[in-house]
Amino acid sequence: MAGILGKYSHARSLASLPPQEWITEIASADPTEARAFLHDWERFRNDGQIPPPGDWRVWLLLAGRGFGKTRAGAEFVRAQVKAGRARRIALVAPTALDARNVMVEGESGLLAVGLSDERPDYEPSLHRLTWPNGAVATLFSADEPNRLRGPQHDLAWCDELAAWRYPSA
């Protein structure tokens, strides 16, 4: 495959060029191809952001600031929704504001990842995101542990567990 998608299997290979060269590469690429390249998570993630192989129930990302935990979580949710493996998703953060500001609207949140035609519709008043394929994510605050009782989910993304005030959440 010619073009930027064919030339650079990983963003590191493009980033290893002198700045003016990689800027020229992106600027001269077909706009649709450049957009696809810039939103292709597999080209940008590091090895620690790859979900573990096999049959597992919990994936814990324990890393410092700037590692990309939020981006990895958002990309994992996006991939599961796109593949049809998750139809009902719980998004749980220490507070409702954290869920909205980080997991949904943040620079690495669900509204920022993936191509625009794959992004969910966000209804803040309902604490809900709905993807084009019908998958629905509901935002929860760990400050309200009783709200987590009852709803059934295929997938839960739980952010910043160490900051949760109530162990029962």
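Visitor: In which strand does Ser141 lie?

Guide: Ser141 is part of strand β4, residues 136–141. Helices and strands are DSSP runs numbered from the N terminus, with at least four residues (H or I) for a helix and at least two (E) for a strand. This is a predicted model, in which local features need pLDDT of at least 70 and side-chain atom pairs count only at pLDDT 80 or more, while totals for chains, interfaces and linings use all residues. Residues are numbered from 1 along each chain as its sequence is written, and side-chain values use heavy atoms, with hydrogens and water left out.

Visitor: What is the mean pLDDT of the chain?

Guide: pLDDT is the predictor's confidence in each residue, from 0 to 100. Where it is low, the predicted coordinates should not be read in detail. Here the chain mean is 89, and 93% of the residues reach 70 or more.

Visitor: Is Ser141 buried or exposed?

Guide: Buried means under 20% relative accessible area, exposed means over 50%, and partly exposed is in between, with a 1.4 Å probe and protein chains only. Ser141 has a relative accessible area of 6%, so it is buried.

Visitor: What does Ser141 touch?

Guide: Contact means heavy atoms within 4.5 Å. Leaving aside neighbours within four places in sequence, Ser141 is in contact with Ala93, Pro94, Thr95 and Ala96. Its side chain also reaches the backbone nitrogen of Asp143 at 3.0 Å. A polar contact is a pair of N or O atoms within 3.5 Å; within protein, one must be able to donate a hydrogen and the other to accept it, and residues adjacent in sequence count only if both atoms are side-chain atoms.

Visitor: Which salt bridge does Asp143 form?

Guide: Side chains of opposite charge can pair when their charged atoms come close. The rule for a salt bridge is a side-chain nitrogen of Lys or Arg within 4 Å of a carboxyl oxygen of Asp or Glu. Asp143 pairs with Arg165, the closest N and O atoms being 2.9 Å apart. This pair links distant parts of the chain, 22 residues apart: Arg165 is in the segment after β5 (155–158), and Asp143 is in the loop between β4 and β5. Arg165 is exposed at 56% relative accessibility, whereas Asp143 is partly exposed at 23%.

Visitor: How many salt bridges does the rule give?

Guide: The count comes to eight. Arg71, Glu75, Arg78, Lys82 and Glu118 are linked in a network of them. Glu75 is buried at 3%, and Arg78 is buried at 15%. Arg78 also bridges to Glu118, at 3.2 Å between the closest N and O atoms. Here the partners are 40 residues apart, with Glu118 in the loop between α7 and β2 (121–123) and Arg78 in helix α6.

Visitor: Which residues form the nonpolar patch on the surface?

Guide: Patches are made of residues with over 30% relative accessible area and no salt bridge; like charges are joined within 9 Å, and nonpolar side chains (Val, Leu, Ile, Met, Phe, Trp, Tyr) within 5 Å. Accessible areas come from the Shrake-Rupley method with a 1.4 Å probe, and for residues only the protein chains shown count as cover. Val58, Leu60, Leu62 and Leu161 form the patch, with about 490 Å² of accessible area together. Leu60 is found in the loop between α5 (41–44) and α6 (69–82), and is exposed at 59% relative accessibility.
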